[in-house]
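Please read this briefing with the structure open beside you, and follow each topic on the chains as you go.

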Amino acid sequence: MSATPLLDVRDLVMHFPVKSRGIVARTVGHVKAVDGVSFTLQAGQALGLVGESGSGKTTTGRLITRLQKPTSGQILFEGQDIAKSSPRQLKPLRREIQMIFQDPYTSLNPRQTVGEIVGAPLAIHKLVPRDKRLGRVQELLEIVGLNPEHYNRYPHEFSGGQRQRIGIARALTLQPKVLVADEPVSALDVSIQAQVINLMQDLQREFNIAFLFIAHDLAIVRHFCPEIAVMYLGKIVEKAPREELYAAPKHPYTKALLSAVPDVEQARIGGRRERIRLTGDVPSPINPPSGCHFRTRCWKAQDVCATTEPLLQKVGAGADEAACHFPEP
Amino acid sequence: MIAFAIRRILVGIAMLLAMVLVVFVLFFAAGNPARDVCGKFCTPDKLKQITQVYGYDQPLTYQFGQFMKGLVIGRDFPVDDKYRAQLEKTHPELVIHCDAPCLGYSQHDSMTVNAEIAKYYPITIQLAIFSFLLWIVFGILFGVLAAVFKGRWLDRIVVGVTLVVYALPTFFVGTFLLQYISIRWKLFPYPRYVSIADGGPIAWITSLFLPALTLALFYMAGYVRITRAFVLESMSEDYIRTAKAKGLPMRVVLFKHGLRAALTPLLSMAGLDFAALLAGAVITESVFNYQGLGLLAVTANKNSDLPILIGLVITAGAAVIVMNIIVDLLYAYVDPRVRLR
Amino acid sequence: MTRPFLSVENLVVHFPTPDGIVRATDGLSYSLERGQTLGIVGESGSGKSVSSSAILGLHRGTSARVSGQIWLDGVDLLQLSDEEMRKRRGHDVAMIFQDPLSSLHPYYRVGDQIGEAYRAHHNVSKRAARIRTIEMLARVGIPQPDRRVDDYPHQFSGGMRQRVMIAMALINDPTLLIADEPTTALDVTVQAQILDLLQDLQREFQTALIMITHDLGVIAEVADDVLVMYAGRAVEHGSGRDLLTKPSMPYTWGLIQSIPDVSGPVDKPLRPIPGSPPSLVNPPKGCAFFPRCPYAKLVDGTGDRCANEMPELLPITPGHLKRCHLEDPEVMYEDAPELEVAR
């Protein structure tokens with residue numbers, strides 16, 4: 001029934017080696033940043049990837065854009081596996097998959113003008129003859145809501161929100177099919193965040209771009225993405241359409257996460273959601289707990305949780321998938 | 001920490017070996033060493049004798065092997081076996097046994113390079129240490145003052161003066177100190193080196209002061225600027241705000257928190273600059289005619305005394321590598337983030 | 001009339017810069033009692049951090065010009081000498097900051113830094129300070145405090161580091177604690193832990209707490225009283241409930257509309273506030289929010305009053321003040337009926 005997904009990620013794994021501190025540096029372990037992640041992304045859709053620090057969501061984003069080469073797994077873009085492709089093979093693919101970065105203050109080269117930043121992809125991929133490039137750059141600046149006459153200005157002359165728009169313009173230059181947005185608004189003021197979010201939604205609709213939206217802010221993800229995957233210690237623990245996820249989370253971690261978010265809406269109405277307290281810190285990704293990674297902080301943990309790793313599977317009647325032996329009803 | 005140190009030292013030894021190889025290639029592979037050593041007034045006989053003594057006609061790998069052997073266990077000169085055997089019988093006193101680490105033999109001066117360096121080294125090292133102390137103490141002091149009074153007249157004066165001093169070449173400063181401060185205006189006794197054993201500590205320090213100052217002024221100017229910059233940067237860090245918010249007195253905030261963070265990169269830079277001085281200060285020693293390694297280098301160059309030059313280059317390189325290791329270890333000791341990785 | 005425990009009156013902080021005078025705070029007033037929490041909401045350039053730093057006297061010795069009165073327990077902090085203020089800083093009033101990694105000195109052990117805060121105000125031996133430090137570390141929930149006291153800041157996780165900062169701030173039992181965006185850099189679950197910790201400690205020690213944040217949700221949970229700041233001034237002041245259910249100033253209303261939520265209607269559109277915060281150098285006369293305000297014309301038909309006359313901070317109902325010319329805030333609510341604001 002569903003068409004071939006635009007992006008099909010299967011069992012993606014990224015293990016970073018840890019070197020010992022002896023005289024000769026040997027690899028003594030691995031940081032299991034991404035430990036078997038699978039999901040699909042349809043054309044024009046938005047999938048949210050949510051998690052806290054150490055969850056592996058940022059690494060996943062970097063693997064999809066092939067800024068890093070995965071240890072194992074498959075990344076099928078339009079049916080073609082790009083997980084192990086060489087830089088040469090990847091070059092045409094860079095046009096299809098682009099990334100928006102978190103910090104608008106450090107992700108733009110301060111020595112290049114805005115026109116150069118936005119126009120660089122055109123030059124690299126030789127898509128547009130030199131005399132036509134300025135026109136295209138100005139078009140893009142206008143699309144993201146900036147004054148096209150400002151192409152000669154430098155990044156420091158713009159505000160944070162405007163700089164993020166420049167980053168988005170740059171990502172759009174090659175008309176990608178997939179945009180990986182890594183915490184695109186976290187570094188911005190609250191009143192500006194909404195502007196940029198709205199911009200991204202407009203662009204998504206107009207150009208039919210698929211988004212992988214990586215964030216830790218559950219409220220923003222809920223607004224932007226119809227489908228959301230929750231990550232914990234390198235694994236996806238729950239994946240569901242947004243209505244189901246927020247109304248009735250099935251995985252204990254999702255439940256705890258949602259209950260920890262300060263809720264403006266609840267405060268206005270006067271209610272207060274019951275808060276689940278998670279004790280302690282996230283365990284180290286070098287030695288994650290056996291079986292279910294979440295069991296050390298889970299109030300439902302039983303013996304089976306330590307011996308058998310729960311697989312991500314459908315729970316209940318809806319489309320919700322959770323990796324838990326004792327999912328919430 | 002120990003593992004870090006051992007690793008660092010092993011790397012240092014490897015670097016030393018690599019450096020020796022590079023020096024060797026530079027001096028021996030490119031030119032005609034025998035010709036160079038022979039000098040301006042060269043005769044075929046002299047050329048032949050030099051070749052026999054130094055073995056310059058041997059294949060390069062053999063020469064390098066001999067050199068390394070000299071460094072590790074010692075070697076004998078003349079290199080040519082037949083010639084040496086012959087000399088042993090007729091003029092045994094002309095056969096040189098050079099102990100490890102043998103850096104070479106200067107026929108011109110009839111001394112091993114090691115002996116020459118040992119003779120000239122004391123002045124160089126005393127000058128290096130004295131000027132180092134001068135520039136560090138006053139450089140940091142004025143740098144801190146300039147940072148604390150940033151924007152005010154003290155800062156402006158310090159920054160302006162250091163810029164001028166930094167721009168003055170060493171020979172100018174040295175000559176000025178010698179000609180004017182000492183000779184014409186008689187503000188200071190004429191600098192003539194007196195060792196501590198001969199004249200006692202006061203005379204010794206006095207004799208070293210002017211050349212040490214010549215060397216120090218240039219670095220001092222630089223370090224004032226750098227200290228100022230590091231302290232300003234360090235004082236704008238968030239942890240300084242925390243220190244103030246704790247109610248610590250400004251003195252503690254400045255020195256314990258601010259300067260401490262600035263000192264680390266500062267001292268590692270200073271270590272490397274100091275290493276450069278250990279090779280000898282050519283210009284300063286020449287101006288004041290102090291018999292240090294710098295003067296040795298100038299003389300050796302005039303006499304085309306290749307072995308001494310090679311020995312000096314290797315000594316200088318070794319000093320830099322060793323200082324590098326020391327600085328790295330110091331840095332790891334001081335900054336816990338480096339060693340507790 | 002006895003003053004409240006903390007009373008900030010007409011606080012003005014100006015910074016001379018080459019581009020002109022930056023009016024970071026221009027006439028800020030509020031008060032706070034012991035055991036109460038005041039939330040200050042604002043974005044960058046609102047003056048929230050600058051005004052709070054003034055309470056600690058952190059602007060002394062800089063080029064900043066501070067005027068007004070800051071009364072703490074009967075003493076005007078701005079009239080104290082530098083040394084008298086230093087004695088109170090870290091002892092009577094303490095502050096914790098946003099990024100605990102950069103706020104702790106990387107070269108010194110955590111125990112030394114905390115002990116230093118204690119010994120700056122009490123004449124005790126290093127050993128006594130260490131014992132007290134370990135006590136505080138345990139109190140803020142750091143496991144194995146006797147071992148971790150000798151660790152360096154980078155050896156702690158983000159949440160643990162913030163607990164260290166809290167231990168350091170509270171070690172002298174200050175009567176006033178200012179928390180400047182304490183949880184912004186932390187994960188959501190850790191944020192919840194830290195907020196709980198702060199509230200526990202406040203209850204135990206009856207500390208007055210000023211919580212500065214841009215997160216309305218945090219404010220809603222934690223604050224008894226809320227101050228919304230914009231361009232260096234308070235623009236709305238009231239209880240958390242008042243502000244969220246009856247926002248009376250277009251900026252507050254704009255914030256509520258532009259923030260997505262984890263519950264409530266999914267299709268609630270995000271209505272961003274157009275434009276950006278004003279420059280604090282040479283602020284225009286009239287209301288600072290005027291260029292971004294969609295309701296200026298409703299005041300007098302032309303919007304001239306808002307453009308030329310700075311509104312006063314006046315009460316609508318007792319305890320709820322706004323700085324706005326718009327008489328009836330309810331006209332704003334028609335723009336977003338789905339938010340079901342109370343009428």
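What share of the contacts in chain A with a separation of 6 or more is accounted for by residues 24 or more positions apart? In this predicted model, such residues account for 64% of those contacts.

**Chain A as a whole**

- Chain A contains 11 helices and 12 strands, and its C-alpha trace spans about 70 × 60 × 50 Å along the principal axes.
- A compact globule of 329 residues would have a radius of gyration near 20 Å, and the value for chain A, 21 Å, agrees with this.
- Of the 329 residues in chain A, 47% count as buried.

**Helix α1 of chain A**

- Helix α1 of chain A, which covers residues 57–64, is largely enclosed by the rest of the structure, because 7 of its 8 residues are buried.
- The buried residues of this helix are A:K57, A:T58, A:T59, A:T60, A:G61, A:L63 and A:I64.
- Just after α1(A) comes A:R66, whose phi is positive, at about 55 degrees.

**Chain C as a whole**

- Chain C has 14 helices and 12 strands, and its radius of gyration of 21 Å is close to the 20 Å that the globule rule gives for 343 residues, so chain C is as compact as a globular protein of that length.
- Taken along the principal axes, the C-alpha atoms of chain C fill a box of roughly 70 × 50 × 45 Å.
- Buried residues make up 52% of the 343 residues in chain C, while residues 24 or more positions apart account for 65% of its contacts with a separation of 6 or more.

- Strands of a sheet pair through backbone hydrogen bonds, either parallel or antiparallel.
- In chain C, an open sheet of 4 strands has antiparallel pairing and runs in the order β2-β1-β4-β5, with β2 and β5 (75–76) of chain C as the edge strands, each of which pairs on one side only.
- Strand β4 of chain C, residues 65–72, pairs with β5(C) in the antiparallel sense over 2 bridges, and C:L72 stands opposite C:V75 in β5(C).
- Helix α1 of chain C (residues 48–55) packs on this sheet, where it touches β1 (6–17), β2 and β4 of chain C, and its direction makes about 115 degrees with that of β1(C).

**The two domains of chain C**

- Chain C is divided into domain 1 (6–230) and domain 2 (238–339), and the C-alpha centres of these two domains lie 29 Å apart.
- The contact between them takes 18 residues from domain 1 of chain C and 18 residues from domain 2 of chain C.
- On the side of domain 1 that touches domain 2, the elements giving two or more residues are β2 (20–32), α9 (216–222) and β9 (225–230) of chain C, and β2(C) gives the most, with 5 residues.
- The residues on that side of domain 1 of chain C divide into 10 nonpolar, 3 polar and 5 charged.

**Where chain A meets chain C**

- In all, 36 residues of chain A are in contact with 36 residues of chain C.
- On the side of chain A that touches chain C, at least two residues each come from α6 (190–207), α7 (218–224), α8 (242–247), α9 (252–260) and α10 (264–269) of chain A, and the largest share, 7 residues, comes from α6(A).
- By class, this side of chain A has 17 nonpolar, 9 polar and 10 charged residues.

How values were computed
Residues numbered from 1 in each chain as written. Chains lettered and ligands numbered in written order. Predicted model: local features only at pLDDT ≥ 70, side-chain atom pairs only at ≥ 80, totals over all residues. Domains from an automatic or database assignment. Contact = placed C-beta atoms within 7 Å. Nonpolar A, V, L, I, M, F, W, Y, C, P; charged D, E, K, R; others polar. Rg over C-alpha atoms; globule rule 2.2 N^0.38 Å. Buried ≥ 20, exposed ≤ 12 C-beta atoms within 10 Å, placed from the backbone. Pairing = 2+ DSSP bridges. Axes fitted to C-alpha atoms, helices over the stretch in contact; angles between N-to-C directions.
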